[in-house]
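The following exercises concern a single protein model. Each task is followed by a solution in steps.

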Amino acid sequence: MERLKHHAHTALRKSEKYFKTDMVYLAKGGFWLMFGHIIQMASGLALAIMLSNLLPKEAYGKYQFIISASAIIAGITLSGMGTALTRAVARGATGTLSYAFKTQLLWSIGIIVTSGLISLYYFLNGNNELATAFLIVGICTPFLSGFSLYRPYLEGRGFFRESTTLGIWRRPLPVIAVFISLLFTDNPVIIIGTYFLSQTISMGLLYLLVIEKYPEPQQSNPELLNYSKHLSVMGIVSLVANNIDKILVFHFLGAAAVAVYTLAQLPSAQLLKMFSLLGKIVFPKFAQRELSILKKTIPRKIFIFFTSTVFVAVLYIFAAPYIFKFIFPMYPEAVLLSQVLILTILAKPLMFYTQAFAAHGLKRPQYISQITVSVLKISLLLIL
């Protein structure tokens, strides 16, 4: 085993002259993040299979509509705190987790107010089902957002192994809880309540474990708060752009269409998350490296990454009919949509630029890139 490790280490070091990257760091961090993502992907896939096969299309569509709306509502707070925390910790501010958590909760009043107003709207229109669901969202989301900060904290310190191993046991809990609820009901409100409550409790326990395992003197950090505000303003537009599609489909085409669209989007969404792991790995390194060096090395990384995404996209297009026939046999109409949506992964390599902007606190290019693309996407979704 030691000899194998030595040969692998040597091979990675030799490959650095071609990739212009710390390949040993990338392999170590990438292994643990990939392992954690496989667990997350497996639990997410298990949840999707259960819901799509055990729920009627209408009920599954309502569930996905609420999930998408809750993602947008979650942005009405310091949604950029995670990235700002990773950057601060990577630069040595390791005592900012508690400060970030308390600040996140204080700025979550927008979530509570917005969820309450949406709930009131549906209640006044006689839809008690959705009214109750958004009350649950308003109660759980502030705590869920705050507790989840343990992950960017560990990633900022380069503790990818710890982040993965601490989180592995949590992944199956919401799946098990939702499965149990599915045995007794197909009411989307009960299923939503079970999902959010199990997520909040399990995430809260993880946060407490991290605080206990890595005790640090608490540091207030005005720069962290200021930078997270800017990231949050940029992020809310992106959140809307990434989640408004299901909301528009729900209102114009109905809940059943949301179910079809969600499953068609699932493969590309999972691949985008997997590719995002690379961004998490390089972020701490980008924060520590001079911007002038990044300008020279990033284009080569993008070219290599783009070649990989083309191969994956072509492979999926041929495999899609067989995947859906085996996993989602009730949704054959989603195959063509999924083949088109997989092309979105071709733009993912450009994340290296946005990661560099974020790592060095360059606000103006982040505003330009995120808001321009998001506004264009929202406009096209509304028109088309």
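**Exercise 1.** In which helix is the place of serine 268? Determine also whether serine 268 counts as buried or exposed.

*Solution.* The model is predicted, so local features need pLDDT of at least 70 and side-chain atom pairs count only at pLDDT 80 or more, whereas totals for chains, interfaces and linings use all residues. Residues are numbered from 1 along each chain as its sequence is written, and side-chain values use heavy atoms, with hydrogens and water left out.

Step 1. Serine 268 has its place in helix H13; helices are DSSP runs (H or I, at least four residues), numbered from the N terminus.
Step 2. Its relative accessibility is 4%, so serine 268 counts as buried (under 20% relative accessible area; exposed is over 50%, partly exposed in between; 1.4 Å probe, protein chains only).
Step 3. Not counting residues up to four places away in sequence, serine 268 touches Leu341, Ile342, Thr344 and Ile345 (contact: heavy atoms within 4.5 Å).

**Exercise 2.** Identify the residues with the most contacts inside the largest nonpolar core, and the helix that gives the most to this core.

*Solution.* A nonpolar core is a set of buried Ala, Val, Leu, Ile, Met, Phe, Trp, Tyr and Cys residues joined through side-chain atoms within 4.5 Å.

Step 1. The largest such core has 97 residues, and Leu51 and Tyr60 have the most contacts inside it.
Step 2. Helix H13 (residues 255-288) gives the most to this core, with 14 residues.
Step 3. Apart from this core lies another, of five residues, including Val237 and Leu248.
Step 4. Leaving aside neighbours within four places in sequence, the contacts of tyrosine 60 include Leu51, Ala259, Leu263 and Tyr331.
Step 5. Lysine 57 lies over the face of tyrosine 331, at 4.8 Å from the ring centre (criterion: NZ of Lys or CZ of Arg within 6 Å of the ring centre and within 35 degrees of the ring normal).

**Exercise 3.** Classify the ring pair of phenylalanine 65 and phenylalanine 250.

*Solution.* Rings of Phe, Tyr and Trp (its six-membered ring) pair if their centres lie within 6.5 Å; planes under 30 degrees apart count as stacked, over 60 as edge-to-face and the rest as tilted.

Step 1. The structure holds 15 aromatic pairs.
Step 2. In this pair the centres are 4.0 Å apart and the planes are at 10°, so the pair is stacked.
Step 3. The pair links distant parts of the chain, 185 residues apart: phenylalanine 65 in helix H3 (residues 57-74) and phenylalanine 250 in helix H12 (residues 222-253).
Step 4. Phenylalanine 65 counts as buried at 3% relative accessibility, and phenylalanine 250 counts as buried at 16%.
Step 5. Phe65, Tyr121, Tyr122, Phe134 and Phe250 form one aromatic cluster.

Methods: Helix = DSSP H or I, 4+ residues; strand = E, 2+ residues; numbered from the N terminus.
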